[in-house]
Structures are given as C-alpha cells and as structure tokens.
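Subject: Structure handover and findings

Hello,

Here is the structure we discussed. Please open it alongside this note; the findings follow below.

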Amino acid sequence: MSIRNTLDTLLSERILIIDGAMGTMLQREGLEEADYRGERFPDAPGQLKGNHDVLCLTRPDILEKVQRAYLEAGADILETNTFSSTTIAQADYGLEEAVEDLNRESARIARALCDEYTARNPDKPRFVAGVLGPTNRTGSISPDVNNPGYRNTSFDELRGAYAQATRALLDGGAHLIMVETIFDTLNAKAALYAIMEVAEARGEDVPIMISGTITDASGRTLSGQTTEAFYNAVAHAKPVSVGLNCALGAEQLRPYVEELSRVATCWVSAHPNAGLPNEFGEYDQTPEEMAGLVKEFAESGFLNMLGGCCGTTPDHIQAIATAVEKVPPRKRPERPTAMRLSGLEPLTIDGSGLFVNIGERTNVTGSARFKRLIKEGDFDTALEVARDQVEGGAQLIDVNMDEGMLDSEEAMKTFLNLIAAEPDIARVPVVIDSSKWSVIETGLKCIQGKGIVNSISLKEGEEAFLQQARLVQRYGAAVIVMAFDEDGQADTRERKFEICKRSYELLTEKLEFPPEDIIFDPNIFAVATGIEEHNEYGKAFFEACGDIKRELPHAKISGGGEQRVFLVPRQQPGARGDARGFSLPRHEGGYGHGHRQRGSARGVRRGSQGSPRPYRRRAL
C-alpha cells in the first residue's frame, strides 16, 4: 500500500499526532557556539548559534535525543529539523553549500528513528514529514515601504530552493513533504510547484501536508489572505492535509481551524503554540491546559491531525495524545462542485447566481486610458483604475499588457506586484490575460491567490495545449479555453462544440483537470454587418453554448469575440452541470480575433452622478 493510501486509512480511523517544537527542546540543552560549528563548520563566517538546522551535521546525538522523546510521547509524524534548510534562509549564515546535506541527513536521522519505532509496533506506523519552511523572504510583500512593487526574492528563486531541498529530503527517506508556517501563500505556491515538479521527475507520488499561519485576530495570513482564500489557493496540490500552525495558541486559533474544517475536502491538521508568549518571549501554557483546549477541537469534529508548535514539549504531545486517543477523527465533507477562486478573499462561482462581473479596464487592448497610463509608466494612476473596477462591483479584474510598445512581461509583473500591496484591490481574484504564454506565466508567478488564465487553445496542437494546461494546473489557476484548433477559429455551431468537447476531454481525462475550473469561450464573429454569410454567427454562438451546457458537466461559458457579447445562460431542465457567464476581453492577434472595434462594452460604466457601477451586458 502506498504512503498516501496508508495515511488515508489511518486518518479515517483515528487522529494522528504530530510532534512538537524543536527550538524549545534545544534551548534546554544549553548548547554553545562550538556545538553548532562542530568539525564541519569551524571557519563559517558569523555566529552559527541558533541555526538549529546544522545540528543534524554537528550534534546529531542531540537531534536524535529530542526526536526520540517525541516518538516516546506518542507522535505518529516526526518532522525533520529543516525549517530553515534552504539556500535562501541559510544565506544568512553563509552555509548555502551545506543545504543538500542538511536536508538529507536530517531526513535520514528521522527515518531511522521512525523505522525503529514502527518495527517495534507495526500497528502504530511512524512517518517522516520533510519540512519546507517559509524562508525569511516573501514573494507577495515588499521589504521596502517606499517601494511596494519591489521584491527581494522571486517565484523562480523560491521554486529552485524548494526543489533542491525536496530532492534531498526524499533522498534521505522522508515519507511526505510538509510545507509549514505559511505566512505568504505565494511562497507556498512556489514550494508546491517545486514538489510537484520533483515528484514528476522522479516518477513518485509524494504526499503533501500544507500548514498555514494566521498571524493575529484579523484572521488572515501575514500576506493578507483569509483562511478560505488560503485553502482555495493551495487545494490544487491535492494535499493529504491542510492545517494551521504557529503564531497563535489553541484558544486563539480555534475559529480558523473550525473554518478550515468546514471548507477543506482533504484532512485537516493543527499544531498551535503553547499559548501566547509572555513578556520574556516564553510560553507558559501547561500540557494539561493545552490538551484540554485541543481536545475540544477534536470533540467538535474539526481535526484529523494534532500536534504542537512553539513552546510545546514531549510532555505537551503526550498530554494531547492521551486527551484525543478515543475521540473519533473529523469526516471529510462533500462540498457541491463549484469554481473556487481567491484573491485575499474567496470567490465561489456555483449555480447560485446568473453571471460574474469581470473588470476589464485594466486591459491595454480594451481601455485607451489604461494603455496610455501603462505606456507612460504611471502605475499609481493605473492602480486607481483597478480600484474603481472593484469598487464598481467587479468580482474579478482582468489584467492584459499585450501592446507592441510595451515590455509586456515587465509591465505585468510590475502591475500585479503593486496590486498585491493594495488590499482593497487584491481582495478579488485576477484574470491573467495575454496571447503570449510568457506573459501569462509571468503573471502566474505574481499572484498568491487562485486566478484564471485567459487563455489557451488547440491552435498549436494537442501537445502544446496540454503542456500549457499542465502548467496552469501546477500554478493553481482556472483556465479559459478558446474555440480554436489546428484549422483555426470555429465559426459554426458544430465546430465550436466539437473543439470545446475535444478540449474538455483532453483536460479532464489526460490531466484530471477539474471540470469546474474550465471556462469555454466559443467566440462570436461580427453580426448585423449586412453580409449574408455573417447572419448565422450569433445563432451558432448561442446554440453552441447550449450544447456545452448540456454535454460538458460543470464547464463554464464566457462570451467574447469582436462584439463582446456577454452571455448569461440559464440552466435548462434536464441539463447537466452548470454554466456561468463571463465577460472577457479580446486579444489583438494572438488567437485569431479580428480587428478590435471601438465602442465595445467595458468592465464598469459611470452613472449619471459619475459613480461607478457594473456594466450590465446583454446577449445580442
């Protein structure tokens, strides 16, 4: 049986116990600088004391002692001592070259202990969770308050560092990988991308645990996401579990664990701190007090895994294990099929509404004013355009930088980084819109939530289509598929549906792409032109939409094309799935769209008093 299947079986039967804090226990050992340097790092620059990760190389006996104590206390899952074992974090100590050894050796020590205890009692198998910490940099937040668009790391740098660590952890024997203490979901998405990339290269199924950090009573991560928005952004990785840890004690963490338990369709974990720190930065909550609090979590049906973070000791873990030993685990809920997106806040698109408003003025091909602002480098005023869209009722904003005189990749990155610093804009998901894959990928590396890619198609054949769709999936986004294939843009009902059906089957069967995250744009050609051959274009569009609704379960529909028809299809009796109306902009060039007409509908319009309000589109 695979590790994933074994974990699923165990988690359906009982609450599994995660170990506790490493730093708390190491502080008791009274270690000195010489312990951290050992024979391996006598000439390392600066102070190494406090860099606990190096102890797997310099004092492995101490690491083994602590981890053995947690196993004796009842831990089922032992975390590797690799919270800072990335080149990014170890750069502070000048130990980047040691990163692979740190991860591999830490995993090896934990695996040897887990194998020993599993052999003693095969009915209680022990597992090694290879830990990927958050690093000391963030992809979504600028370290310079005067330059909100600046970043001191990048998605690709994070991804590379996490991939290196993941490979070494797996080489050392880790059963699964835990991405924990997530304060910035963009960092976590880079880690998840790296894990999936490594797993594919190795031909292995690597189970993933994900654990975020709610930083204060606002109920948000440090980078601003709510619990549900965070879950929506990471669920694409199909984790074994999603949970919360650190920053708060159990009492403060309870409402967010409850929320996560409601929305997560995977298993749920929690390993809170031993209360809040006192004025000396120490944790006073006793094992009995903490166990009493988390037992109530379990009895309320919130949990499948439970452990401790800062301030917890083997005594805390033993008390927790005893408290929940006979409490049944949480059952995974069955949620209705829906597209679940997020910015800083969640957006669910299901069968409860008629259409979705997408603000399109942040699109250089759809707004002359926005194009002028971007070309002039006036991003501050361009942000006001985005803010007006959201205040005017846009539930998503479409960002497009396809203009011949622009460095489109740089413009996309700059604008999305600036949006991330504006909570009133960043609260909604982003539609990353371009006819150039390089621009789309640049955008995907900037958003911490779950957005939409506009768009991909079969224009360049199945191989290119599937490759792009696979990457969309790995970045964690929904996708718009245009009605194009190798023979060009579809203009009849039959061709439109044929291409959409072929695309749907490729996505769902070859990639297991969630059908609820697929949006079709069947495209409408010019109508009412007086040219006889154009008379059937509108009819073909609507009839193809009906075919998609009936035959492709859960797929959504957007209206596009030269006249920017916005379709609001209604559910018909007996139809399977649901269809949503999306307003989406055109591209000039990229996917065969004709010349852009002036005067087409925009994302918001002004009322008689100049206040922004959503533009209501009608099907022509």
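Arg493 and Asp547 form a salt bridge, with their closest N and O atoms 2.8 Å apart. A salt bridge here is a side-chain nitrogen of Lys or Arg within 4 Å of a carboxyl oxygen of Asp or Glu. Arg493 lies in helix H20 and Asp547 in helix H21 (residues 537–551), so the pair ties together parts that are 54 residues apart in sequence. Helices (H or I, at least four residues) and strands (E, at least two) are DSSP runs, numbered from the N terminus. Arg493 is partly exposed at 28% relative accessibility. Asp547 is buried, at 10% relative accessible area. Buried means under 20% relative accessible area, exposed over 50%, and partly exposed in between (1.4 Å probe, protein chains only).

A word on the basis. This is a predicted model, in which local features need pLDDT of at least 70, side-chain atom pairs count only at pLDDT 80 or more, and totals for chains, interfaces and linings use all residues. Residues are numbered from 1 along each chain as its sequence is written, and side-chain values use heavy atoms, with hydrogens and water left out.

The structure holds 45 salt bridges. Side chains of opposite charge can pair when their charged atoms come close.

Arg120 and Glu72 pair through their side chains at 3.7 Å, N to O. Arg120 sits in helix H7 (residues 99–120) and Glu72 in helix H5 (residues 60–72), so this bridge ties together parts that are 48 residues apart in sequence. Both Arg120 and Glu72 are exposed. They also belong to a network of salt bridges that links Glu64, Arg68, Glu72, Glu116 and Arg120.

Glu512 and Lys238 make another salt bridge, 3.4 Å from N to O. This pair links distant parts of the chain, 274 residues apart. Glu512 is in the loop between helix H20 (493–510) and strand E19 (518–521). Lys238 is in the loop between helix H10 (227–234) and strand E6 (241–249). Glu512 is exposed at 55% relative accessibility, while Lys238 is partly exposed at 48%.

Surface charge

Which residues form a negative surface patch? They are Glu279, Glu282, Asp284, Glu288, Glu289 and Asp315. Patches are made of residues with over 30% relative accessible area and no salt bridge; like charges are joined within 9 Å, and nonpolar side chains (Val, Leu, Ile, Met, Phe, Trp, Tyr) within 5 Å. Glu288 belongs to helix H12 (residues 287–299). Glu288 is exposed, with a relative accessible area of 60%.

Two residues in the loop between H12 and strand E8 (305–306) are worth a look: Ser300 and Asn304. Ser300 is partly exposed at 32% relative accessible area. Its C-alpha atom is separated by 8.6 Å from that of Glu258, 42 residues apart along the chain. Asn304 is buried, with a relative accessible area of 0%. The Asn304 side chain reaches the backbone oxygen of Arg330 at 2.7 Å.

A buried histidine

His271 is in strand E7 (residues 267–273). His271 is buried, at 1% relative accessible area. Its side chain joins that of Glu180 in a polar contact of 3.2 Å. A polar contact is a pair of N or O atoms within 3.5 Å; within protein, one must be able to donate a hydrogen and the other to accept it, and residues adjacent in sequence count only if both atoms are side-chain atoms.

Backbone

Most residues other than glycine have a negative phi, and most peptide bonds are trans. Please check these spots against that.

- Thr181, not a glycine, has a positive phi of about 50 degrees. Thr181 lies in strand E4 (residues 176–182) and is buried at 9% relative accessibility.
- His554 has a positive phi, near 75 degrees. His554 is in the loop between H21 and E20 and is partly exposed at 25% relative accessibility.
- The peptide bond from Asn454 to Ser455 is cis, with omega near 15 degrees. Ser455 is in strand E15 (residues 452–456).

Ala555 is also in the loop between H21 and strand E20 (556–559). Ala555 is buried at 1% relative accessibility.

Best regards

How values were computed:
Areas by Shrake-Rupley, 256 points an atom, 1.4 Å probe, with all protein chains shown as cover. Lys, Arg positive; Asp, Glu negative; His and termini not counted. Charge placed at Lys NZ, Arg CZ, Asp CG, Glu CD.
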